[in-house]
Amino acid sequence: MYAAENIRVRAGAKNILDGASLTLSPGKVVAIVGPNGAGKSTLMKVMAGERRFESGRVTLDGIPISHWDAAKLAQRRAVLPQSVVVAFAFLAAEVVALGLPQSFPAKDGVALVDRALAQVDMVAAREQSYDTLSGGERQRVQLARVLVQLWASGGQGYLLLDEPTASLDLPHQLATLRIAREHAGQGGGVLAVLHDINLAVMAADEIAAMREGRVIARGSPAEIVTGELIHTLYGVKARIGSVPAGPFLLPQHIFP
Amino acid sequence: MNSLASRFAVLAAFLIAAMPASANAGPIAVKDATGRMVEIADTSRIVTVGGAVTEIVYALGFGESVVAVDITSTFPAAVKTKPGVGYMRALSPEGVIALAPTLVLAIEGSGPPDAIEVLARASIPFVVVPEGHDEASLLRKVRFIAQALDVPEKGEAMAKEIAEDFAAVAALRAKISVRRSAVFVLAVGNGTPTVAGEHTSAEGIFALAGVDNAVRGMKGYKPAVPEAILAAAPQAVVTMIERNHGLGAEIMFALPAFAGTPAAKDKRLISVPSYYLSFGPRTAHAAQRLASSVYPELSLPQLPPRPWTVAEPASTQ
Amino acid sequence: MTAGDAALGASWRRSGGTRAVLGACGVILLLAVFASIAIGPVVMAPERVLSVLWNGLFGMRGTAPADLRDAAVVLDIRLPRTLLTAIVGAALAVAGAILQGVFRNPLADPGLVGISPGAALAAVVWIVFGGLVAAHVPAAVVNHALPIVSFAGSLAAILLLQRLASHEGRTSVANLLFAGIALGALASAGTGLIVFIASDQQLREFTFWTLGSFGGSTWSRVALALPFLLLLFAGAFRIARGLDAIALGEAEAFHSGVAVERIKRIAVVIVAAGVGASVAVSGIIGFVGLVVPHLLRLSIGPSHRMLILGSALLGAALLTASDIFARTVASPAELPIGVVTAFMGAPFFIWLLRRHKRSFG
């Protein structure tokens, strides 16, 4: 169990998070949706142990997040940030290998790195310099790095993905969500901040809708993705259909 | 037997004839300024460190044996063609060893200490000459060096003449009834002159010449506020020939720091060579020249020329 | 073998070939060291140098004047100088590599960003006032405390630099350079003030601090600096892997299991120790910490374990070679070694600035 309860984060006079709660569990993919500035990324940073909070509680395996040391925590959860600028000209494979713990056997490490690169369809870029890759390619290399981080400690653990599909083309968006689902299928837990409601519906077991620093609705996609919720979140009128397998939305017009 | 004895006699005669006149048969031992006993066996290749040491070694007739000098040694003119061993406080030990000297005569304060230690390890006789900035220490320096070079009687004669010169300078000072003050200007940068304060070598030569230092309340050579020089009202301005780049009296006395001084009124600008600031065999003569420039109306008598003062650049007024 | 080790680093091909490059650096270093011991105003055949070294190893110096002379030249003059030059070169290059890793910025050089000037200021203040205040304290004590004082000076400079240049764990190139210029200006203003107070003899020593020299190298100086420099090398390898992760960003490094604050604290202390001790024994020598790691990143990549090892080898070789040049080009006089490294490093720095113009914006 990985839980955030009643989290409050202030920046100046403004509450960025105002009593947000969220629970992750093994085998499940949870997607956070919501408008810009709702506090989605901040909540993820709080759960990752990166960001301090004024009040509330974050626990992983029942232990408060602040009690974990960095190395132990890295075995239980990995974080994919929105975009990563690497300071020096590391090769793609070297960036992926940074996910390995310091004392990991070298031979097994190389095998894990290759497997992860294959998963994200980046084997060809193995010995290319990271800074020559496109934004989407970099994102996939980073995904490989966080996969390697969890695989190195048994493949369980929680994957926190901050807009993992933002700079990807359609096939790689789908591939990334497939990787997230597979991770859950193998007993891991996933939290993904997603902007595309359709992708969220497609990939998530549970959707958490955030607005103004709070989780205002939680539940299975079929339960909570309604025209009413979309309007509350975004102020956009939408008609929710459910033609293929689950619900999907068709925006009615671009302007509210 | 006979022929062997006669051969030996010939060889002995040859050896004696080949020996430099000053060299004694055996090595002599000297207790130097650091208290170490140093054995000197050979004075054929000498490195001198310190301007006064070099001058004394030349005056004692060992100029031919000097193989290198430090950068503070600029007199007599012959030293300008000798290889350099750098600044006296930053000697390069290997540079000295490479010259294969049989004797190093260095003024007290030469170094660094590690360099001297290394030279000692390389079994090069390194003799530290006692330093001091008064007449007595100068005479001691002369006698000490003469002893190290095994020519004590020459040293005694030289010391006697130097003592006479200083006595003559003291007699000159007695003729000065109203003392004048002067300012020593080391450099003029951006109109702010760097002048000599208290406890400087310039003040030392002033004292010998019967001149007061106009600059008070400041130690060492420092840039001074122009107004402070005006307030000190010097009656003469002394500069260094090497440093003032031909800065004439007109330019100098046009500077705000000097324009209103009594020195400017009398146009009394005295340029002296840099050795005036170091204490050596020529110091008494330097003091006499400075005194006669500051007090021209007294027509102070000249000192007799000495072997170690010839080829001295004349001071200009 | 662990993931941070050579086995993993070498698993991916680089154009240079990591091992070949490091091997070449080692060979260059050996050649430079031997040349430095063999070349000098006292001319000696290489085999003579080797035999003096060999005998010296067993404490044998001989008794003949020529033997004593050569032993003094090789064992007391050239050997400590060469050793000191090599370890200071290694220390400056490694300190540069670490500094660049911590600031995630290839332009961080201990000299350029004000750390060496900070150490030099502390040293000069100590020389002038340490002797003044504690006139009864023997000069030996003043000299022995020098590396510690410079260490404190460089530590203060780095901490100030972090304060001035970093914002929320990020350091822009412009901020780093501005802060470095400010620190450097502050340090030279302070040194200028000291110069005003200092005696003539202390003034002469001033060029030593500002331009660097190995002219006064002795075994006691080697012993003085060695503990600090060993601390740098030992610490450098411990944090190498953490610095790799910090290249991703501080938050990302934390996510991947690195105790970022601890790594940064260690880095600051060991860089201060290395730079402080180097400045104490040889003055400010710039650009070694800039040029060496950069050249190595181009050939063996930025992975810090190999980069630190390579920087130590190449930094030592480069400074040893520079010192040979500095003391032979105008022999018997000596060029300040900082002048030599600046003539190599400054054009390199300009080239680097031009090359990165766009990304530095």
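In chain B, Pro112(B) sits in the loop that runs between β5 (103-107) and α4 (113-121). Helices here are DSSP runs of H or I with at least four residues, strands are runs of E with at least two, and both are numbered from the N terminus. The model is predicted: local features need pLDDT of at least 70 and side-chain atom pairs count only at pLDDT 80 or more, while totals for chains, interfaces and linings use all residues. Residues are numbered from 1 along each chain as its sequence is written, and chains are lettered from A and ligands numbered from 1 in the order in which they are written.

Pro76(B) belongs to the loop between β4 (66-69) and α3 (93-98) of chain B. Most peptide bonds are trans, and most residues other than glycine have a negative phi.

Ala100(B) has a positive phi of about 50° although it is not a glycine. Its place is the loop between α3 and β5 of chain B. Ala100(B) is partly exposed because 14 other C-beta atoms lie within 10 Å; a residue is buried if 20 or more other C-beta atoms lie within 10 Å of its own, exposed if 12 or fewer, and partly exposed in between, with C-beta atoms placed from the backbone.

Chain B as a whole contains twelve helices and twelve strands. Of its 317 residues, 44% are buried. Two residues are in contact if their C-beta atoms, placed from the backbone, lie within 7 Å. Among the contacts in chain B with a separation of 6 or more, 58% are between residues 24 or more positions apart.

In chain A, strands β9 (residues 206-211) and β10 (residues 214-219) run antiparallel and are joined by five bridges; two strands pair if DSSP finds at least two bridges between them. Ile207(A) has Gly219(A) in β10(A) as its bridge partner. The two strands form a hairpin with two residues between them, and Glu212(A) in the turn has a positive phi of about 50°.

Chain C also has a residue other than glycine with a positive phi, Phe287(C), at near 75°. This residue is in the loop between α12 (260-282) and α13 (288-300) of chain C. Phe287(C) counts as buried because it has 26 C-beta neighbours inside 10 Å.

Val124(C) is part of helix α5 (residues 115-133) of chain C. Why does Val124(C) count as buried? The reason is that 26 other C-beta atoms lie within 10 Å of Val124(C). Apart from neighbours within four places in sequence, Val124(C) is in contact with Thr191(C), Ile194(C) and Trp209(C). Leu112(C) is twelve residues from Val124(C) along the chain, and their C-alpha atoms are separated by 19 Å.

Chain C meets chain A through a contact that takes 29 residues from chain C and 31 residues from chain A. On the chain C side, α1 (6-9), α10 (219-246) and α11 (250-255) each supply at least two residues. The largest share, four residues, comes from α11(C). This side of chain C divides into 13 nonpolar, nine polar and seven charged residues. Ala, Val, Leu, Ile, Met, Phe, Trp, Tyr, Cys and Pro count as nonpolar, Asp, Glu, Lys and Arg as charged, and the others, Gly among them, as polar.
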